[in-house]
Amino acid sequence: MTHTSSSRMLASTLLLLAGLGFSAGAGAASLSVLVLDKEGKPAPDAVVVVLPSAKTGAPPKPLPDQVTIYQEKMRFVPAVSVVGVGAKAQFVNNDPWEHHVRASAAGAAQFNSAAGEGFELRLDGKPEGKPAKTADATFSKAGAVLLGCHIHGSMRGHVYVSDSPWAVLTNAEGVAQIEQLPEGAAQIKVWHADQLIDIAPQAHTVTASPGKLTLQLSVVPRRRRI
């Protein structure tokens, strides 16, 4: 092989590697979203959903297709779960008394009996020294689902079923970190259990540089019972 041919091959290889590197990096943008309540305080347990116009780039890590939700001390734990459409849930009653799981559409849709997800389960109390009682269900439709109990009206939990893989729950500081976003135009929406009326999505342009965005609820979330 001549020196010229070797140089050309090396140049071609470098161009190919550069192209691969660009492709891997494209669509791998990130966005940090801070969600505040009506008083300007961080809002934990809000769901931030990104709806990109472009569907290119590496897909993000899929949302959970299985989730376990416990009934403990008259609460649903975790209080809010984020899953993908078709996810299966196992409900576990760790309390010594009977509970129900009543699932219905959350927010304003809960007043429309034909809207959203709906099922009812019954779980006997956990016998002392024996395994807890369980029941299974599937979340087949996108949207927010309200969990309740017929017997104990104060019990309340939520499952957000997202048809977008870019859906993240805010942490204790009210921040949701979304990774592997395609660059370009996108709609950003936020959902919170205490926000009965959905907030209009906000337009945002995702760029290669890490982005930051602040969204504000129009309510002050109620304090969660500990």
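Does D45 count as buried or exposed, and at what relative accessibility? D45 counts as buried, because its relative accessibility is 18% (buried means under 20% relative accessible area, exposed over 50% and partly exposed in between, with a 1.4 Å probe and protein chains only). The model is predicted, and local features need pLDDT of at least 70, side-chain atom pairs count only at pLDDT 80 or more, and totals for chains, interfaces and linings use all residues. Residues are numbered from 1 along each chain as its sequence is written, and side-chain values use heavy atoms, with hydrogens and water left out.

D45 is placed in the loop between β1 (29-36) and β2 (47-52); strands (E, at least two residues) and helices (H or I, at least four residues) are DSSP runs numbered from the N terminus. Its phi is near 60°, a positive value in a residue other than glycine. A positive phi, near 55°, is also found in Q180, again a residue other than glycine. Q180 belongs to strand β13 (residues 175-181) and counts as partly exposed, because its relative accessibility is 30%. The peptide bond between V77 and P78 is cis, with omega about 0°. P78 is located in the loop between β4 (75-77) and β5.

An open sheet of mixed pairing is formed by five strands in the order β5-β11-β10-β7-β8, where two strands pair if DSSP finds at least two bridges between them. β5 (80-84) and β8 (119-123) each have a single partner strand and stand at the edges, so one side of each is left without a neighbour in the sheet. From one strand to the next, the twist averages 20° (axes are lines fitted to C-alpha atoms, and angles run from 0 to 180 degrees between N-to-C directions). Within the sheet, β10 (residues 143-148) and β11 (residues 156-162) run antiparallel and are joined by six bridges. V145 stands opposite V159 in β11.

The largest nonpolar core has 21 residues, of which F91, V101, F119, L121, F139, L147 and V159 touch the most other members. Such a core is a set of buried Ala, Val, Leu, Ile, Met, Phe, Trp, Tyr and Cys residues joined through side-chain atoms within 4.5 Å. Two or more residues are given to this core by each of β3 (66-72), β6 (87-93), β7 (99-105), β8, β9 (133-139), β10 and β11. Neighbours within four places in sequence aside, F119 is in contact (heavy atoms within 4.5 Å) with F91, V101, R102, A103, A137 and F139. Another core, of 19 residues, lies apart from the largest one and includes A43, V48, I178 and L213.
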